[in-house]
Amino acid sequence: MFSLGRTALRNISQKYFSTGVSLQAPTVAVVLSGNGVFDGSEVHEASATLVSLTRAGAEVACYAPDIAQMHVIDHSKGAPAENETRNVLAESARIARGNVKPLSELNSSGADAVIFPGGFGAAKNLSDFAVKGPDMSVIPDVDRVLKDFHAAKKPIGLCCIAPMLAAKVFGDGVSITLGKSDDGSGKWPYGGSIEAAKALGASPVEKSVEEVNVDEANKIVTTPAFMFEGKFHEIHDGVSKMVNAVIGLI
């Protein structure tokens with residue numbers, strides 16, 4: 001992980017700080033989906049993304065859709081909170097320390113890459129995968145942003161369940177990872193998503209929590225993160241590798 005981090009930082013330094021080259025560091029957009037694993041962005045994945053980006057020398061710009069959450073989950077009980085509604089943008093501001101913009105304002109001319117942390121918000125607020133499975137749809141701004149960055153040949157990073165967004169938008173042949181199939185150990189409880197991705201035409205590759213999958217043709221980088229029931233540092237290390245691989249593609 002540390003060698004990858006040093007490589008990413010060196011690449012940035014060579015590209016952006018060499019004589020005769022623009023002195024501006026790359027800007028990476030981070031698309032959040034709320035605040036909290038069960039109804040928004042997975043906080044540790046989001047934090048690992050932000051930490052790894054700034055450690056590598058990148059500037060960060062956070063975005064989130066200005067829409068209502070699908071529902072609100074009481075995380076102490078793992079159950080819906082009755083008669084409560086929350087806004088995805090307002091909740092995402094908690095992670096971004098208030099510095100978050102509406103997703104409607106994001107386009108490829110304003111950033112060198114885009115990253116989508118995971119959490120059920122990606123499957124409930126950015127899409128309806130949690131409800132409809134392979135019959136899912138993504139919200140218009142997510143569809144637009146992914147297609148925009150892809151057309152501009154700018155890198156896209158996704159972790160945890162968020163790679164399902166790429167499976168839906170790009171479909172045939174796109175290479176992603178959602179971790180591994182359920183092996184009965186209880187460590188890979190979301191293995192069913194792999195079959196859903198295949199149904200959408202994607203080509204999921206089984207990877208361990210510390211690994212990344214790089215689709216070089218599409219400039220899409222993915223890692224399992226909390227698709228694996230692992231320890232916090234394991235998830236952080238995998239997300240960091242994903243971030244560094246994204247930066248390496250800029």
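Is F38 buried, exposed or partly exposed? F38 is partly exposed, with a relative accessible area of 32%; buried means under 20% relative accessible area, exposed over 50%, and partly exposed in between, with a 1.4 Å probe and protein chains only. The model is predicted, and local features need pLDDT of at least 70, side-chain atom pairs count only at pLDDT 80 or more, and totals for chains, interfaces and linings use all residues. Residues are numbered from 1 along each chain as its sequence is written, and side-chain values use heavy atoms, without hydrogens and water.

Confidence comes next. The pLDDT, the predictor's confidence in each residue from 0 to 100, averages 92 over the protein chain, and 91% of the residues score at least 70. Over residues 16–22, however, the pLDDT is below 50. Where pLDDT is low, the predicted coordinates should not be read in detail.

The strands and helices named here are DSSP runs numbered from the N terminus: strands (E) have at least two residues and helices (H or I) at least four. Seven strands form an open sheet with mixed pairing, in the order β5-β2-β1-β6-β7-β11-β10; two strands pair if DSSP finds at least two bridges between them. At the edges stand β5 (100–102) and β10 (213–215), each of which pairs on one side only. Strand β2 (residues 59–64) runs parallel to β5, and three bridges join the two. In β5, V100 is the bridge partner of C62.

The largest nonpolar core has 73 residues, among which L106, V114, F116, V142, M164 and L165 touch the most other members. Such a core is a set of buried Ala, Val, Leu, Ile, Met, Phe, Trp, Tyr and Cys residues joined through side-chain atoms within 4.5 Å. Helix α9 (residues 232–248) supplies the largest share of this core, seven residues. In soluble globular proteins, nonpolar side chains tend to be buried together.

Rings of Phe, Tyr and Trp (its six-membered ring) pair if their centres lie within 6.5 Å; planes under 30 degrees apart count as stacked, over 60 as edge-to-face and the rest as tilted. By this rule there are four aromatic pairs. F38 and F120 form a tilted pair, 6.3 Å centre to centre with 40° between the planes. Because F38 lies in the loop between β1 (27–31) and α2 and F120 in helix α4 (residues 120–124), the pair ties together parts that are 82 residues apart in sequence. F120 also forms an edge-to-face pair with Y190, at 6.2 Å and 80°.

How values were computed:
Contact means heavy atoms within 4.5 Å.
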